[in-house]
Amino acid sequence: MPILISIFVISIVLYLYFKVRILNYKNPLYMHYTNGKARIALGVFMATFGMNQYVAFPTQIVLYLTIIFLAVGIAQIVFGFKIFKHYRQEILKAEQMAN
């Protein structure tokens, strides 16, 4: 249980860090790239938070909520990774064209 708590605290801190970091960028490619990383961190937070709640309170209602949190968290991770991967390639292409 302390491992889950550590993971979701670290992931929410990373989520907030990436969201604040977006404000520093002027280039939309870097903004989308960082937003992909933020979505991954949010997905990890949601998934681990749901698992932690079920470990703390193993009831049927919490089980259903855990399944919902896991589904939404995994969807955020997958979508964030797709965004991250796409814009990483776009940034590399833009850097190659600049050189």
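Phe79 is partly exposed because its relative accessible area is 43%, where buried means under 20%, exposed over 50% and partly exposed in between (1.4 Å probe, protein chains only). Phe79 lies in helix H3; helices (H or I, at least four residues) and strands (E, at least two) are DSSP runs, numbered from the N terminus. Between Phe79 and Thr34, which are 45 residues apart along the chain, the C-alpha separation is 13 Å.

This is a predicted model, in which local features need pLDDT of at least 70, side-chain atom pairs count only at pLDDT 80 or more, and totals for chains, interfaces and linings use all residues. Residues are numbered from 1 along each chain as its sequence is written, and side-chain values use heavy atoms, with hydrogens and water left out.

**Helix H3**

- H3 has 39 residues and reaches 57 Å from its first C-alpha to its last.
- That reach is close to the expected 57 Å at 1.5 Å a residue, the expected span being 1.5 Å times one less than the number of residues.
- The buried residues of H3 are Val62, Thr66, Gly73, Gln76, Gly80, Ile83, Phe84, Tyr87 and Ile91.
- These buried residues of H3 pack against H2, contact meaning heavy atoms within 4.5 Å.
- His86 is also placed in helix H3, and counts as partly exposed because its relative accessibility is 43%.
- His86 and His32 are 54 residues apart along the chain, and their C-alpha atoms are separated by 9.5 Å.

**Ile40 in helix H2**

- Ile40 is found in helix H2 and is partly exposed, with a relative accessible area of 22%.
- Leaving out residues up to four places away in sequence, Ile40 touches Gln76, Ile77, Gly80, Phe81 and Phe84.
- Among the residues touched by Ile40 are Gln76, Gly80 and Phe84, and Gln76, Gly80 and Phe84 are listed among the buried residues of H3.

- Ser11 is found in helix H1 (residues 2-22) and counts as buried because its relative accessibility is 4%.
- Apart from neighbours within four places in sequence, Ser11 is in contact with Ala41, Val44 and Phe45.
- Lys26 lies in the loop between H1 and H2 and is exposed, with a relative accessible area of 72%.
- The C-alpha atoms of Lys26 and Ile74, 48 residues apart along the chain, are separated by 29 Å.

**Nonpolar surface patch**

- Tyr54, Leu63, Tyr64 and Ile67 form a nonpolar patch on the surface, with about 360 Å² of accessible area together.
- Patches are made of residues with over 30% relative accessible area and no salt bridge, joining like charges within 9 Å and nonpolar side chains (Val, Leu, Ile, Met, Phe, Trp, Tyr) within 5 Å.
- Accessible areas come from the Shrake-Rupley method with a 1.4 Å probe, and for residues only the protein chains shown count as cover; a salt bridge is a side-chain nitrogen of Lys or Arg within 4 Å of a carboxyl oxygen of Asp or Glu.
- Helix H3 (residues 60-98) gives the largest share of the patch, three residues.
- Tyr54 is found in helix H2 (residues 28-56) and is partly exposed, at 32% relative accessible area.

**Annotation**

- An unreviewed UniProt entry carries the annotation "transmembrane region" for residues 6-24, 36-55 and 61-84; its positions are given in the numbering used here, feature names are shortened, and annotations may be inferred rather than shown by experiment.
- Residues 6-24 are 89% helix and 0% strand, with the end C-alpha atoms 28 Å apart.
- Residues 61-84 are 100% helix and 0% strand, with the end C-alpha atoms 34 Å apart.
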